[in-house]
Amino acid sequence: MSTTAPPIQQARRAAAASAVGSLVEWYDFALYGAAAALVFNSYFFVDASPTTGLLASFATFAVGYFARPFGGVVFGHLGDKIGRKPVMIITLGIMGVSTALIGLLPSYHSIGLAAPVLLVLLRIIQGLGAGAEYAGAVVLSSEAAPRGSRGFYASWSGGGVWLGSALGLGTFQIALWLTGDNFEQWGWRIPFLLSVVMLVISLYIRRRVTETESFEQAKKDDTKIPLLELFRTAKGRLVLSLGSNFMLSGFSYIPQVWALSYLTNDIGLAAMAGLGINAVVLVAGAAFMPVFGRIGDRFGRRRLFLFGAGFGIVWAFPMFALIDTRVPALIILALVICFIGAVATCYAAQAAFLAEMFPPAMRYSGVAFAREVSGALLGGTTPLIATAMFAGFGHWWPVAVWMVIMATVAFVSVYLSKRYRSDADQDSDDHFNHVITHPTGTVVTGAKV
């Protein structure tokens, strides 16, 4: 397979394998987020007050994100040294098995404190597997894509993220509808156990993928520990890449996760209605991912990223104002506009954008570190922080301010990335597949020196 002109079939196969892995990853995480908001507080934290139980439940949600950087470092290193494909098969298996085991856990009433302890343990294992999954997906799909279409094919992974989240929420909703009063006792287990079926299908698809030529060339590099080399020569790239992810590991978790508890506990929507609205929003965002991927290919990923972050800055307060009308159509409109205008644009831009920030021999490690450290800082803690803010102030405005801050950090980081990559060079194979060394010794790829 040629990096300069890879067969379309191989590019599509790599993109599909990446997307399906992301789908499984975020099916698992969406299930956990929904269960944390609606079930786990009363199933695993029985003796706590409602607010304390919800905080404890969201804390276990956060634990998975704290584990992700460790998985990102370990599997990112392996992805750079032994290959994208074998690592992505391993991480997919870890996630699927741990999710199914969560569906088999006994309750606090059955085994006492051991129940939440086992929940946290499986959540950690799930986080370790997920820590390098999306990074591998965008690296593989970017490297396999034809020149001029990296944004389009890499965006499939982001679409898989939201389709997986929507599928997880939809399955959760169907289980709620089918099991009724038994949902909190055993009905919630069904979506977790179904992840085994998705795992088998996904592994079959992923096994058919071949390694990219970028990796085959990168194997000739003698860098012992790619991440340490990035810390030594390209700290600025890591910092700005990490900052760019404040939009996706932080900002997006307000409408995607925390809003579910706000809609059900404070707006007064039924849990099924809240899940349905969330699923509609996620599908709408996923539908626009390839569209924005194409736009990024044509007009520049950095420009698209800046637009999305800027839109997020101005939309946070109007979004909550529309939600507070309690009119379902306006609630859906508020969240869909947020996802399409802010989050989907950034997600589509980020996929190839991050891959272009790092040289091939260090690409998996760099992307995984940037995404998962910011994810640990924000992805798991944002629902927890939002819950505490709302409980402390009795209003959503501090949550909206927090969204503005996260979007601003992303905007500034992407703006400063012009030091390292240029939209004018994003279609250049030389900049994508080779390491250019600045006279100062700084590793540069994807930008003019």
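## Glycine 170 and helix H8

Glycine 170 is buried, with a relative accessible area of 17%, where buried means under 20% relative accessible area, exposed over 50% and partly exposed in between, with a 1.4 Å probe and protein chains only. This glycine lies in helix H8, helices being DSSP runs (H or I, at least four residues) and strands likewise (E, at least two), numbered from the N terminus. The C-alpha atoms of glycine 170 and leucine 275 are separated by 7.2 Å, although the two residues are 105 residues apart along the chain.

This is a predicted model, in which local features need pLDDT of at least 70 and side-chain atom pairs count only at pLDDT 80 or more, whereas totals for chains, interfaces and linings use all residues. Residues are numbered from 1 along each chain as its sequence is written, and side-chain values use heavy atoms, with hydrogens and water left out.

## Phenylalanine 172 and the nonpolar cores

Leucine 275 is also one of the contacts of phenylalanine 172, which, leaving aside neighbours within four places in sequence, touches Leu31, Ala34, Ala35, Leu38, Val39, Phe183, Trp188, Pro191, Phe192 and Leu275 (contact means heavy atoms within 4.5 Å). The largest nonpolar core holds 132 residues, and those touching the most other members are Phe40, Trp162, Phe172, Trp188, Phe320 and Ile323; such a core is a set of buried Ala, Val, Leu, Ile, Met, Phe, Trp, Tyr and Cys residues joined through side-chain atoms within 4.5 Å. Helix H19 (residues 328–356) contributes the largest share of this core, with 18 residues. A second, separate core has 5 residues, among them Ala11, Ala15, Phe152 and Tyr153.

## Aromatic pairs

The structure holds 22 aromatic pairs, counted where rings of Phe, Tyr and Trp (its six-membered ring) have centres within 6.5 Å; planes under 30 degrees apart count as stacked, over 60 as edge-to-face and the rest as tilted. In one of these, the rings of phenylalanine 172 and phenylalanine 183 have centres 5.0 Å apart and planes at 90°, so the pair is edge-to-face. Phenylalanine 172 lies in helix H8 (residues 150–179) and phenylalanine 183 in helix H9 (residues 183–187), so this pair ties together parts that are 11 residues apart in sequence. Both phenylalanine 172 and phenylalanine 183 are buried.

Tryptophan 258 and phenylalanine 320 form another edge-to-face pair, at 6.3 Å centre to centre and with 65° between the planes. Because tryptophan 258 lies in helix H16 and phenylalanine 320 in helix H18 (residues 301–323), the pair ties together parts that are 62 residues apart in sequence.

Helix H16 (residues 253–267) spans only 18 Å between its end C-alpha atoms, whereas a straight helix of 15 residues would span 21 Å at 1.5 Å a residue; the expected span is 1.5 Å times one less than the number of residues. H16 bends by about 50° at alanine 259, the bend being the angle between axes fitted to the seven residues ending there and the seven starting there. Of its 15 residues, 13 are buried, so H16 is largely enclosed by the rest of the structure. Glycine 268, with a positive phi near 95°, follows H16.

Helix H21 (residues 381–393) has 13 residues that should span 18 Å at 1.5 Å a residue, and its end C-alpha atoms are 18 Å apart, which agrees. Buried residues in H21 include Thr381, Thr382, Pro383, Ala386, Thr387 and Phe390. Just after H21, glycine 394 takes a positive phi of about 70°.

## Glycine 308 and the cysteines

Glycine 308 lies in helix H18 and counts as buried at 0% relative accessibility. Leaving aside neighbours within four places in sequence, glycine 308 is in contact with Met247, Gly341, Ala342, Thr345 and Cys346. The C-alpha atoms of glycine 308 and cysteine 346 are separated by 5.3 Å, with the residues 38 residues apart along the chain.

A search of the whole structure finds 0 disulfides, a disulfide being a pair of cysteine sulfur atoms within 2.5 Å. For cysteine 338, the nearest cysteine sulfur is that of cysteine 346, 10.0 Å away. Cysteine 338 is buried, with a relative accessible area of 0%, and cysteine 346 is likewise buried, with a relative accessible area of 0%.

## Glutamine 126

Glutamine 126, in helix H6 (residues 114–130), counts as buried at 0% relative accessibility. Leaving aside neighbours within four places in sequence, this glutamine is in contact with Asp28, Phe29, Tyr32, Met95, Ser98, Thr99 and Ile102.
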